[in-house]
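Hi,

Here is the structure I promised to pass on. Have a look at it first, and then read my notes below.

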Amino acid sequence: MSRPVLDVRDLRKTYGMGEATVHALAGLSLTVERGDYVAIMGSSGSGKSTLMNILGALDIPTSGSYHLDGVDVSKLGDRQLALARNRLIGFIFQAFNLIPRTSAVANVELPLAYAGVKPKERRRRAMASLEVVGLADRARHEPNQLSGGQQQRVAVARALVTEPALLLADEPTGNLDSHSTHDVLDVFDQLSASGRTIVLITHEPEVGDRTKRLVRLVDGRIVEDVRQSPINQPPVGLATGRHHSSAVWAGGRA
Amino acid sequence: MSLYEVIRFALRGLSANKLRSALTMLGILIGVAAVILLVAVGNGSAKAISDRIQALGTNTITVMSAGRGGSTDTSLTTDIADALVDPTLAPDVGSVSPVVSTSTTVTYGGNDESVNQFVGTTPQWFAASNTPVGQGSAFTADDLNQGRRVVVIGQTVATDLFPGVDPINKQVTVGGSLFTVVGVLAEKSSTGFQDANDTAIAPLTAVRQVLTGYGALNSILIEAKTPDKVDAVQSEVATILNQRMNVSATSSSSSSTPYRIQNASQLLQTQTDTANTFTTLLGAVAAISLLVGGIGITNIMLVTVTERTREIGIRKALGAPRRVILTQFLIEATLLSVIGGALGVAAALIGSSFEIVGVKPVIVPSSIGLALGVSIAIGLFFGGLPAGRAARLRPIDALRYE
């Protein structure tokens, strides 16, 4: 079997000192293989956002090891961390986090610019990436001219553009209506079908149901880890198909 | 990532907020322009003053009566003036010109001209006071001795009384007597509010006879043989005056003597000092405005960085190294201050070609360097500080920043 994309061991994160100490993560271990599509669910305060920030190399754990595509992230310096965020991880935020007053294509180009890709090549890859999320015709629009779902798809394109080993999405549909949720999840399903490794956080069961693997967190520990569909096959969501109403998947879940 | 790309990011950052960038630049522009221009005005006025005093001649001293009333003890007389020509007591005195002066009306044909400075003196006065005759000639010692009614008129008088006519050998009426114009003074640069060309010079004897009577002199102009003997002449003259006017040597401080000696080089020194103080004062006022401009940049950079902390977090999450973020904000701050400063220099250079409150500004090159340097340093320091802080934040803290 190939090397896992994601391998965390005994991850701990504590906030505060003394009496007020909060254990957001209490010795969590998780391995994600290449091509997997994992949903992490849990109530608020279960530590799922903390886990996501650590996986995205945005935050550092109090203790524990974190290997990303074979690289020990916890031993990286500031400069290598920036490199890892740029090359290995594509991060999708709940709040989209596009740079304001900057066109969609320029937003998608940004990670490539930091990677030192030449402008022409950058533009080509950014357009290709926007094509994947179906927004090539909105490339010139600024974030405030796009709907929430479109903004999130631009953010997905931005996360994809560097061909990262791992796509992380922190409640990607949390700020979206059901229609936009549908659009964004379709994109994820397609990406998974094309072999991308995706880890997302959600508290919406209909989102969790479409993934290949479902992990439940309670109080910073994994309490449930269910394989919903085989790793080497397209996700179940793709079978229900795009252009179906949300009522269809609500029925499927019941 | 190349520097060129970082500069493009910085430009995009600035143009994203055009009005704010423009206002910040305006602050720096005004600060820099004010420093350069005000120092130039101070410098220009200092130069104007020293030019004027130099035009008066620096190798002369002027003795004036300090008495306010008409007391004969304190008045200067021709006897005193004659006594100053003394090869033994005053070996360094070159010439002595007693001066009476009054204002009167000069008439020619139907034209009246009131002359502020109708001066009666001796022929040496022209050389001593640095007042050359442009056309015709000065009157002679013979004219003085004979009391001939001849007059040398200034440019203003000549153009007003004789429009389009050669004034030489014309007769003008002064105080009911006829004076023959023998010469016209060369054009003289004006000293402040008074028109230096609104004057007429006639022999002392004639002026006393016709206009002023035989009372006290207004002043005595004494020329030293060489400029570096001015101080010696001053003490020699003081000694003679003390003798003649019965001043005891012990109480010969300036407050108690019945005369006052004005030394042109001393005057020059004093005036230059005053002008320098003036320049410093103006410079200080301008420096404050530059400082305010700098605080403007600081404020804007703080606001910009704080407001964009989230953006910095996004950029870091996308893999921007700290150095790139820091460079971007430093370039933004530097561009603001450099462009603002350069525009300020341009504004000051344009402004200095105009006369400001009657003074022609003279740019001091070092003030340009100083003003520009300070504005750029402020921009770099206060732009770099908050940017450095933001770039050091962990991405998650920057992203959570509200």
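First, a term you'll need: a residue is buried if 20 or more other C-beta atoms lie within 10 Å of its own, exposed if 12 or fewer do, and partly exposed in between, with the C-beta atoms placed from the backbone. Helices (H or I, at least four residues) and strands (E, at least two) are DSSP runs, numbered from the N terminus.

Some housekeeping: residues are numbered from 1 along each chain as its sequence is written, while chains are lettered from A and ligands numbered from 1 in the order in which they are written. This is a predicted model, where local features need pLDDT of at least 70, side-chain atom pairs count only at pLDDT 80 or more, and totals for chains, interfaces and linings use all residues.

**The helix in chain B**

Helix α1 of chain B covers residues 3-15, which is 13 residues. From first C-alpha to last it reaches 18 Å, close to the 18 Å expected at 1.5 Å a residue (the expected span is 1.5 Å times one less than the number of residues). Its buried residues are B:Val6, B:Phe9, B:Ala10, B:Gly13 and B:Leu14. Looking down the axis of α1(B), you'll see these fall within an arc of 135°, so they line one face of the helix (the arc is that of the directions from the helix axis to the C-beta atoms). On the face turned away from that buried side sit the exposed residues B:Tyr4 and B:Ser15.

**A sheet in chain A**

Four strands of chain A make an open sheet, in the order β2-β1-β4-β5, with antiparallel pairing (two strands pair if DSSP finds at least two bridges between them). Which strands stand at the edges? They are β2 (22-32) and β5 (71-72), each with a single partner strand, so one side of each has no neighbour in the sheet. Strand β4 (residues 63-68) is joined to β5(A) by two bridges, and A:His67 has A:Asp72 as its bridge partner in β5(A).

**Two positive phi values**

A:Asn97 isn't a glycine, yet its phi is positive, about 55°. You'll find A:Asn97 in the loop between β6 (89-92) and α3 (104-115) of chain A, and it counts as buried because it has 24 C-beta neighbours inside 10 Å. A:Asp219, also not a glycine, has a positive phi near 50°. A:Asp219 is in the loop between β9 (213-218) and β10 (221-227) of chain A, and counts as partly exposed, with 14 C-beta neighbours inside 10 Å.

Cheers
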